[in-house]
Amino acid sequence: MDVQTTTYPNPEIVDRDSWQAEIDRLVEREKAHTREGDAIAAARRRLPMVEVDPTTTLVGPDGPVTLLDVFEGRRQLIVYLHMWHDGNDAANQCEGCTFFTGHARELSYLHSRGVTYATFCEGPYPESARYRDFMGWEMPWYSARGSLDALLAGRGFGGYLCFLRDGDRVFETYWTTGRGTEAGATSYHLLDLTVYGRQETWEDSPAGWPQPYATRGEQFRRDGRPTAQWSRLAEGRSDDLTG
């Protein structure tokens, strides 16, 4: 289905005053939602924390480094845990992690608050770093393959970890997965502002609204590839991960 050109139903047409009255009613709900989000964030800031081994080893562009090194001298660290499918070509790497990782572009605002952002990939460094280069990502990238137990404590990839350092000690302060990863997905937040929304099958939309996207990876793929890869191929970038 071509969502670019297909004709779908439209919302009801009303005069501007009626439209503004509906907007005003919705804004009250939005404000309540925002205030509840603020309250949850306040509770998050009051969570306890758990100490982790600061010497846990990651592999970066210059070889092994410690978790403490990844902070780059800042007090806080946000990590996205990027899945990896061993032996697969670029077209068959994780479409969801490609979607979420691709939104982490401008990091200066995080840095100004003393926060470092990094990606910890499940795969080996050389192969996964070639994928990062193909995608044109610039955030710090590390392989966590040799330290999965120490970092995850039984959890999986596809989510965020937050850390705080106190001198040479490191503590985990928060983690989230599933829809919690939408914190970094500005495309989703913007789509939520539009008439047709995310166009996914789970959404509560009026009858006839476009919903061509299922939610088992299809929502992040187009023509057999993670959606964002097509613009990179158009630029002539190589998607060869074999070196």
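## Exercises on aromatic rings and strands

The charged end of Arg44 lies over the ring of Tyr174, 4.9 Å from its centre; a charge sits over a ring if NZ of Lys or CZ of Arg is within 6 Å of the ring centre and within 35 degrees of the ring normal. This is a predicted model, in which local features need pLDDT of at least 70 and side-chain atom pairs count only at pLDDT 80 or more, while totals for chains, interfaces and linings use all residues. Residues are numbered from 1 along each chain as its sequence is written, and side-chain values use heavy atoms, with hydrogens and water left out.

**Exercise 1.** Determine which ring lies under the charged end of Arg155.

*Solution.* The ring is that of Trp175, and its centre is 4.8 Å from the charged end of Arg155.

**Exercise 2.** Classify the aromatic pair of Trp84 and Tyr131 and locate both residues.

*Solution.* Step 1: rings of Phe, Tyr and Trp (its six-membered ring) pair if their centres lie within 6.5 Å; planes under 30 degrees apart count as stacked, over 60 as edge-to-face and the rest as tilted. A search of the whole structure finds 14 aromatic pairs.
Step 2: Trp84 and Tyr131 are 5.7 Å apart, centre to centre, with 70° between the planes, and the pair is edge-to-face.
Step 3: Trp84 is in the loop between strand S4 (76-82) and helix H3 (95-101), whereas Tyr131 is in helix H5 (residues 125-135), 47 residues apart. Helices (H or I, at least four residues) and strands (E, at least two) are DSSP runs, numbered from the N terminus.
Step 4: both Trp84 and Tyr131 are buried, where buried means under 20% relative accessible area, exposed over 50%, and partly exposed in between (1.4 Å probe, protein chains only).

**Exercise 3.** Classify the pair of Tyr188 and Phe220.

*Solution.* Step 1: the centres are 6.2 Å apart and the planes form an angle of 50°, and the pair of Tyr188 and Phe220 is tilted.
Step 2: Tyr188 lies in helix H7 (residues 186-191) and Phe220 in the loop between H7 and strand S9 (221-222), so the pair ties together parts 32 residues apart in sequence.
Step 3: Tyr188 is buried, at 6% relative accessible area, and Phe220 is buried at 11%.

**Exercise 4.** Identify the strands that pair with S7 (residues 159-166).

*Solution.* Step 1: two strands pair if DSSP finds at least two bridges between them.
Step 2: S4 pairs with S7 in the antiparallel sense over 6 bridges, and Ile78 stands opposite Cys162 in S7.
Step 3: strand S8 (residues 169-177) pairs with S7, also antiparallel, over 8 bridges, and Tyr160 stands opposite Thr176 in S8.
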